[in-house]
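Open the model in your viewer and keep the sequence panel beside it. This tour goes stop by stop, with something to select at each one.

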Amino acid sequence: MSFLELAKDRYSVRKFSDKKVEQETLDLILEAGRVAPTAHNNQSQRILVLREAEEMAKLEECSPFRFHPTLALLVCYDKNVSWKREFDNADMGEVDASIVATHMMLEGHQLGIGSTWVAHFDPKAVREHFNLPPHIVPVSILMMGYPREDAKPSRLHADRLEIEKTVFYQKIEG
Ligand SMILES: Cc1cc2nc3c(=O)[nH]c(=O)nc-3n(C[C@H](O)[C@H](O)[C@H](O)COP(=O)(O)O)c2cc1C
């Protein structure tokens, strides 16, 4: 599959089978995150692997999106490490974590592991349940696992704007 075919084929999987993701497969997914580009190469991403029953139960209390995955990656960044743009002090940690998460989603898809990026979570609950120190900022929870047989793309998967609506050559319109 070409990269573009892979990118188009991936969709948010929200139904997972009970089959566990093997450690070797998880290692490849994490490796794809490790090699992602980050601002100033500061590698501010910090990822907590969640897969024990107790952790999954805690996860259920953090978000209304309960897909019962067999694996979840809590993707955070360390704000003591992330690069800050000197002109306005903009923190690139969220960008770092997002690129890493995207690499992992796509690698997962290539390996047959479905995922959904969940941003709709209560950061306070996440902090408490997973003992995050104050300098660690949670950005996304990747709900992951083997797709259940009846998993299919949602209506939104096919709903992308035409390229002219988002790409401009002279001036951004609208
Ligand atoms: C930053 C971000 C946050 C998202 N948060 C959620 C979420 O909280 N719950 C959810 O079900 N899906 C979430 N999604 C998945 C999007 O809804 C999904 O990617 C979009 O509808 C396109 O569908 P597709 O991934 O199947 O192509 C999120 C995706 C992104 C990139």
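Contact here means heavy atoms within 4.5 Å. Helices (H or I, at least four residues) and strands (E, at least two) are DSSP runs, numbered from the N terminus. This is a predicted model, in which local features need pLDDT of at least 70, side-chain atom pairs count only at pLDDT 80 or more, and totals for chains, interfaces and linings use all residues. Residues are numbered from 1 along each chain as its sequence is written, and side-chain values use heavy atoms, with hydrogens and water left out.

**Stop 1: helix α4**

Select residues 93-110, which form α4. The expected span of a helix is 1.5 Å times one less than its number of residues. For the 18 residues of α4 that gives 26 Å, and the end C-alpha atoms are 26 Å apart, so the two agree.

Now colour by burial. Buried means under 20% relative accessible area, exposed over 50%, and partly exposed in between (1.4 Å probe, protein chains only). In α4 the buried residues are G93, D96, A97, V100, A101, M104, M105, L106, E107, G108 and H109. What do the buried residues of α4 pack against? They pack against α1 (3-9), α2, β1, β2, β3 (114-118) and β4.

Zoom in on A101, in helix α4. A101 has a relative accessible area of 0%, so it counts as buried. Leaving aside neighbours within four places in sequence, A101 contacts V75, W117, S140 and L142.

E94 is partly exposed, at 47% relative accessibility. Not counting residues up to four places away in sequence, E94 touches Y77 and V139. From E94 to S82 the C-alpha distance is 8.7 Å, and the two are 12 residues apart along the chain.

Step just past the end of α4 to G112. Its phi is positive, about 85°.

**Stop 2: helix α2**

Select residues 23-34. This is α2, with 12 residues. From first C-alpha to last it reaches 16 Å, close to the 16 Å expected at 1.5 Å a residue.

Which residues of α2 are buried? They are T25, L26, I29, A32 and G33. Look down the axis of α2: these buried residues fall within an arc of 115°, so they line one face of the helix. The arc is that of the directions from the helix axis to the C-beta atoms. An α-helix has 3.6 residues a turn, so residues three or four places apart point the same way.

Show what covers that face. The cover of the buried residues of α2 includes β1 (45-50), β2 (71-78), α4 (93-110) and β4 (136-145). Turn to the other side of α2, where E24 and R34 are exposed.

Stay in α2 and select L28. L28 is partly exposed, with a relative accessible area of 44%. Neighbours within four places in sequence aside, L28 is in contact with E107 and L111.

**Stop 3: the loops**

Go to D18, in the loop between α1 and α2. D18 is exposed, at a relative accessible area of 70%. D18 and H68 are 50 residues apart in sequence, and 8.9 Å apart C-alpha to C-alpha.

Then select N89, in the loop between β2 and α4. N89 is not a glycine, yet its phi is positive, about 65°. N89 is exposed, with a relative accessible area of 55%.

Move on to N131, in the loop between α5 (123-129) and β4. The phi of N131 is near 50°, a positive value in a residue other than glycine. N131 counts as exposed, at 64% relative accessibility.

**Stop 4: the ligand**

Finish at the ligand. A residue is near a molecule if one of its heavy atoms lies within 4 Å of it. There are 14 residues around the ligand, and S12, W117, H120, H157 and R160 come nearest.

An N or O atom in the side chain of S12 is 2.6 Å from an oxygen atom of the ligand. For the side chain of H157, the distance from such an atom to a ligand oxygen is 2.6 Å. For R160, a polar side-chain atom lies 2.8 Å from an oxygen atom of the ligand. Taken alone, the ligand exposes 620 Å², and the protein buries 71% of that. These areas come from the Shrake-Rupley method with a 1.4 Å probe.

How values were computed:
A polar contact is a pair of N or O atoms within 3.5 Å; within protein, one must be able to donate a hydrogen and the other to accept it, and residues adjacent in sequence count only if both atoms are side-chain atoms.
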